[in-house]
Amino acid sequence: MPASGQNPDIVNISPVLRATGAYPFVKLEQARRRLAADGVELVDFGKGDPMEATDAAIRQALAGALEERMGYPLAEGLPELREAIAGWCARRFGVDLDPDKEIVPTYGSKEAIFLLAQVLVDRDSDKRLVLTTEPGYPVPERGAAFAGADVAQLPLLETNAFLPDLDAVDVDTWERTAIVWINYPNNPTGAVAPLDFLARLSRLSREHDFLVAADEAYTELWFEDPPHSALEVRSEGNVAVFNTLSKRSSMTGYRSGFVAADEEIVAALKQFRPSVGTAPQEFVQRASIVAWNDEDHVERTRSIYRRKRDVLLPVLRKKGIRVAGSVATMYLWLEVPGAESSEEFAAGLLEHGLIVSPGSFFGTAGEGYWRLALVPSEDECRRAAAIFDEIL
Ligand SMILES: Cc1ncc(COP(=O)(O)O)c(C=O)c1O
């Protein structure tokens with residue numbers, strides 16, 4: 001067995017898995033445990049797992065839906081849930097979706113993001129390229145690699161407002177592309193995509209016959225104007241949207257999201273998903289109906305994140321930390337001051353009990369930045385602000 005204790009040679013492990021490094025946040029978790037064991041009082045701005053309470057009405061709906069026997073949930077989901085999702089999409093983005101044919105509930109959005117390439121990519125065809133963006137959430141790229149797709153990453157640079165440069169992609173590349181992943185509002189940069197960018201990408205998808213897969217996990221965490229959805233430009237091209245209750249309704253532990261797409265894509269997902277078995281449990285679906293039908297708790301959630309931003313941003317600015325992106329989402333994307341690498345800078349903060357993510361965790365183009373996830377309580381943010389004031 002190798003020294004790491006992982007991937008023993010006697011087992012035939014997928015070469016893709018072998019080539020996949022540890023999920024970078026594992027490193028943060030290890031550091032957190034080490035410091036906590038040493039009695040260091042930590043403020044954890046690392047992982048984007050909301051700490052806010054899930055609204056009581058949603059929790060009650062889940063408890064009330066628990067029956068003596070719960071059978072297998074169907075991959076197509078409860079019709080009432082699909083209707084609630086369609087209703088929310090109509091109210092929020094002004095789009096008309098057929099709940100029976102254009103929506104499928106998912107077990108959170110991560111599994112659906114990971115699995116999309118399995119459903120859509122023919123690994124033996126010339127059109128097997130999946131484009132993702134970096135710095136970014138690693139799941140689309142990993143899912144594509146496991147599906148035998150080729151993967152190329154487009155950098156998100158501050159000079160281009162953290163949007164991929166669509167002009168930098170040549171026609172030959174577009175022609176080989178099966179899926180283009182975008183994620184706006186973006187993790188980790190907090191940037192949003194203007195409607196004309198979404199429309200242009202959508203038109204390109206029609207011209208070159210690929211799918212725009214839009215990961216929209218953060219559309220509801222905004223502070224100025226509500227961000228757009230790629231659903232708004234679906235009539236101009238081939239678009240699939242992935243959304244989730246995880247961040248909107250602080251429901252990461254429930255695992256509830258959806259894919260909205262054209263009929264053919266949704267039919268393919270409905271054909272594929274029973275083999276995987278990732279339909280949300282029926283009691284989670286019942287709670288999700290309540291969540292999608294209510295905006296009050298979402299407004300309250302936004303105001304909590306707004307208050308935490310208001311505690312931290314003035315101190316960071318006062319200390320000369322440049323704020324990049326950070327228009328929406330629960331993240332602040334900040335420039336590393338001085339000449340240190342982002343990992344060195346984060347390691348320095350750790351010694352003061354502050355856990356943050358180095359930008360390099362999210363990809364090469366993330367170097368030079370660090371990410372604060374606004375998950376600690378407002379009081380903890382105040383304590384961290386005092387520490388920043390002292391040490392930066
Ligand atoms: C960009 C992005 N997309 C998708 C997800 C997945 O969220 P979930 O599987 O909880 O819906 C996350 C979670 O952190 C994320 O950051």
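**Entry 1: where the ligand is**

I am working with a predicted model, where local features need pLDDT of at least 70 and side-chain atom pairs pLDDT 80 or more, while totals for chains, interfaces and linings use all residues. I number residues from 1 along each chain as its sequence is written, and side-chain values use heavy atoms, with hydrogens and water left out.

**Entry 2: the shell around the ligand**

I listed 14 residues around the ligand. Each has a heavy atom within 4 Å of it. Asp-215, Tyr-218, Thr-244, Ser-246 and Arg-255 come nearest. By class I noted 4 nonpolar, 6 polar and 4 charged residues. Here Ala, Val, Leu, Ile, Met, Phe, Trp, Tyr, Cys and Pro count as nonpolar, Asp, Glu, Lys and Arg as charged, and the others, Gly among them, as polar. Helices α5 (110-120) and α9 (245-248) each supply at least two shell residues. Helices are DSSP runs of H or I with at least four residues, strands are E runs of at least two, and both are numbered from the N terminus.

**Entry 3: polar contacts**

I then checked pairs of N or O atoms within 3.5 Å. Tyr-218 has a polar side-chain atom 2.7 Å from a ligand oxygen. For Thr-244 I also read 2.7 Å from a polar side-chain atom to an oxygen of the ligand. Lys-247 places a side-chain N or O atom 2.8 Å from a ligand oxygen. The protein covers 92% of the 400 Å² of accessible area that the ligand has on its own. That area comes from the Shrake-Rupley method with a 1.4 Å probe.

**Entry 4: the largest pocket**

I read a volume of about 880 Å³ for this pocket. A pocket is an open set of points on a 1 Å grid over the protein atoms alone, with protein on both sides within 12 Å along at least five of seven lines. Its lining has 37 residues, and Lys-47, Gly-48, Asp-49, Lys-247 and Thr-252 lie nearest the centre. Lining residues have an atom within 4 Å of a point. The largest share, 5 residues, comes from α2.

**Entry 5: the cavity**

I counted 1 cavity of 30 Å³ or more. In a cavity a 1.4 Å probe fits but cannot get out. Strand β5 (177-183) gives the largest share, 3 residues.

Definitions and conventions: Polar contact = N/O pair within 3.5 Å; in protein donor to acceptor, adjacent residues only side chain to side chain. Points joined across faces, edges and corners; volume = space filled by probe spheres on them.
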